[in-house]
Amino acid sequence: MGVETRSKKVMFIVNKFAGTGYQPAVEGKMIEVSERHDVECTIEFTRSPGHATELAQAAVKEHFDAVVAVGGDGTINEVARGLVRSSVPMGIIPRGSGNGLSRHLGIPLKLHDAINAVFRSSPVAVDTFTVNDKLSLNVSGIGFDGHIANLFGGKTKRGLTGYTKLTISEFLQFKEFDASVLVDGNPVDAHAFIIAVANSSQYGNNARIAPAASVCDGLLHLNIIRKVPMYRLDVVYAVFAGNIERSSFCQIVAGQKITIKTTKPIAYHVDGEPCGHHDNFQITINPSSLKVLVPDQSPRKHKI
Ligand SMILES: Nc1ncnc2c1ncn2[C@@H]1O[C@H](COP(=O)(O)OP(=O)(O)OP(=O)(O)O)[C@@H](O)[C@H]1O
């Protein structure tokens, strides 16, 4: 199954600016592996933010059999915007700094393995969701994570070290905020530091904000997180250990339609991309709205 037997024409959409730097070897490997599988390969490089969506839309019109996003969660999001509700599946070659969705799906992080995996994969219909009409696939958030995304968006230094330094210096200053939350019509009062809306289980780098989340369950997992004192390293450990739901600092509620109103505009992000500030968030799941190529050998195949 997968591209190997059912697809003949594949477009690779490459964001050279994703992650910690572009490796020219990517191009040659994509051509080599495509040829080996007798697949016609088209490689497009994104020229600006948003361009990946245009390229993916063109690929749908031109009847490509699959479109492969080569980049981080931002690039994947842009490609998905062009493919959502179409029959064309999206493959992923993770080249970002966090690679949240790729890790959740069990897509190999090593370049060569990831390219090979595209050709040994099967399309799976996954859920997507919208935050005020912006498409999200992975995790979006309001509050401190949105604040960091807004700050980090303008920086050139990428990677975990960059995030960590900035996060620590801003952490002390950022204050909790009040929000009125409705989950499928049920009110939840929130005094929060972060309100994360998760489709997959993790932001990236195995930071699991909603360990039980599945991209195929037709549900969003809302995690309302209080400000954790700096000395509570056990809570940070719980995020990476995958058991944050046991912490008294967070409350996880699952639902399909979420409304969040805040008393003042709060920073937010969609799949890690900064979106400025807002005080009213309408969040809705779109079940099974995107086909994604999941490797047949994914270690997470039964947990996606
Ligand atoms: N040619 C380009 N010039 C500048 N920015 C671009 C270009 N092509 C794409 N982009 C932008 O690059 C941004 C970052 O991409 P992406 O999220 O894939 O990488 P990342 O942020 O390094 O990875 P991660 O999300 O895993 O941290 C996206 O917002 C995208 O719009």
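Visitor: How do you know which contacts in the chain join residues at least 24 apart?
Guide: Start with contacts between residues at least 6 apart in sequence. Of those, 75% join residues at least 24 apart. A contact here needs two C-beta atoms within 7 Å. Keep in mind that this is a predicted model.

Visitor: What makes the radius of gyration of the chain agree with a compact globule?
Guide: Set the value against the rule. A compact globule with 304 residues would have a radius of gyration near 19 Å. The chain has 19 Å, so the two agree. Its C-alpha atoms fill a box of roughly 55 × 40 × 35 Å, taken along the principal axes.

Visitor: What share of the 304 residues is buried?
Guide: Buried residues make up 46%. The test is a count: 20 or more other C-beta atoms must lie within 10 Å of a residue's own.

Visitor: How many helices and strands are in the chain?
Guide: The chain has nine helices and 14 strands.

Visitor: Why is helix 4 called mostly covered?
Guide: Helix 4 has 11 residues, and 10 of them are buried. Among them are Asp73, Ile76, Glu78 and Leu83. Each of these reaches the cut-off, because buried means 20 or more C-beta neighbours within 10 Å.

Visitor: Which value of phi does Asp133 have, and where does Asp133 lie?
Guide: Phi of Asp133 is positive, near 70°. Asp133 lies in the loop between strand 5 and strand 6 (134-136).

Visitor: What makes Asn205 partly exposed?
Guide: Asn205 has 17 C-beta neighbours inside 10 Å. Buried needs 20 or more, and exposed needs 12 or fewer. The count falls in between, so Asn205 is partly exposed. Its place is in the loop between strand 10 (194-198) and strand 11 (220-225). Asn205 also has a positive phi, near 50°.

Visitor: How is the chain divided into domains?
Guide: Domain 1 covers 3-126 + 289-303, and domain 2 covers 134-287. Their C-alpha centres lie 26 Å apart.

Visitor: How many residues of domain 1 are in contact with domain 2?
Guide: On the domain 1 side there are 19 residues, in contact with 21 residues of domain 2. Helix 4 (73-83), helix 5 (100-105) and strand 5 (121-131) each give two or more residues to that side of domain 1. Helix 4 gives the largest share, six residues. By class, this side has six nonpolar, 10 polar and three charged residues.

Visitor: Which residues are closest to the ligand?
Guide: The closest are Ala18, Pro49, Gly72, Gly74 and Gly96. In total, 22 residues surround the ligand. Helix 4 gives the largest share of this shell, four residues.

Visitor: How do you know that the shell draws on each domain?
Guide: At least three residues of the shell come from each of domain 1 and domain 2.

Visitor: What makes up the shell around the ligand, by class?
Guide: The shell has three nonpolar, 14 polar and five charged residues. Gly72, Gly74 and Gly96 are among the closest residues.

Terms used. Residues numbered from 1 in each chain as written. Predicted model: local features only at pLDDT ≥ 70, side-chain atom pairs only at ≥ 80, totals over all residues. Domains from an automatic or database assignment. Nonpolar A, V, L, I, M, F, W, Y, C, P; charged D, E, K, R; others polar. Near = placed C-beta within 6 Å. Rg over C-alpha atoms; globule rule 2.2 N^0.38 Å.
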